[in-house]
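Please look over the sequence and the structure shown here before reading the report that goes with them.

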Amino acid sequence: MNLIVCKDYEEMSRRAAELAAACIQADPTGLVSFPGGDTPLGMVHAFADLVNAGKVDISGAHYVSLDEWVGLSGLDEGSCGRFNRTELLGRLQKRFAGVHLIDGAAADIEAERAALDSYIAQYGPLTVSVLGIGMNGHLGFNEDGVDLDLNAHIIPLSETTKQVMHKYFGEKFHPEYGISQGIRQIMAAKTVILIANGSHKAEILRRALCGEVSNRVPASVLQKHPNCYVVADEAAAAKL
Ligand code: PGA
C-alpha cells in the first residue's frame, strides 16, 4: 500500500490523475475505470486536462464506469452516467477506443449487469481502477457485508449510503439499489487508486487501511491488493 498525503483537494486530484495517466502510458490498450461523485470531480477534470495537453494517449484504451444508481439513466441528474458524460467524456478532446457506461434505468437490469461483466471480461482486467470510499467503507456500491467474491452485481443500498445520497438527489429520488463492479473485478485491477478528502473520511479511512480486513468495511480488502495507492488530503489522512 502506497500512501500519498496531499495538502488539499486540488493536490489530491492532480496526483491521482497523474497516477492514472501513468498507468495508461504503461498499458496503452488497457481498461480504465473512474468513479462518479464529489470526490473524483477534480481528479477527472485534471485527467481530462492531461489528455487534452497530449500528456497521455487514450486512443487505444477502453473506459468503463464503476457503478450506477438503479433507476437512473445517464441523462438523469445525479447519475454516475451523467457525471461521466459531462465531467469526463465531454471534456476530452480525444476519444477512448471504446466506452461502456452502466444504464441504471435499463428495463432488464440483469442484462445490464451481465453486459458490465462481459465488457470487463473482453477488455479487462482493469489496468487502473480509481475509487472513492463511502462513509461505510464501500467501494463503488460494494456495501458493508458484500460478498467479496462477486463480479458485477445489483445490491441493496445501505442506510449510510441512502443518507449520503441525499446531497445528490434531495427528495427527488430515493434509490434502493445500486449496480456495481464487484470486488473481484476491482481486486484484479493492475493498479488501484483510492482517493479521499475531508475530515469526515478520516475515521473510515483509518478503519479501511489500519483495521481488520473484513467485508464489514469493504475498502479494507485493498490492504491485500499488490499495487494500491491511497491518495488522501491531510484532513482525510489525519488518523492514519
Ligand atoms: P462521495 O462518495 O464522493 O460522495 O464522498 C464517495 C463514495 O461513495 O465512493
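The report below goes from the overall fold to the ligand and its surroundings.

## Basis of the model

This is a predicted model, in which local features need pLDDT of at least 70 and side-chain atom pairs count only at pLDDT 80 or more, while totals for chains, interfaces and linings use all residues. Residues are numbered from 1 along each chain as its sequence is written, and side-chain values use heavy atoms, with hydrogens and water left out.

## Overall fold

The protein chain has eight helices and 10 strands, where helices (H or I, at least four residues) and strands (E, at least two) are DSSP runs numbered from the N terminus. Along its principal axes, the C-alpha trace spans about 45 × 40 × 35 Å. With 240 residues, a compact globule would have a radius of gyration near 18 Å, and the 16 Å of the protein chain agrees with this; the radius is taken over C-alpha atoms, and the globule rule is 2.2 Å times the number of residues to the power 0.38.

Pro 125 lies in the loop between helix H4 (109-123) and strand S6 (126-132), and a cis peptide bond, with omega about 0°, joins Gly 124 to Pro 125.

## The ligand

For the side chain of Lys 167, the corresponding distance is 2.8 Å; polar contacts are pairs of N or O atoms within 3.5 Å. The protein covers 85% of the 280 Å² of accessible area that the ligand has on its own, as computed by the Shrake-Rupley method with a 1.4 Å probe.

Note on methods: Polar contact = N/O pair within 3.5 Å; in protein donor to acceptor, adjacent residues only side chain to side chain.
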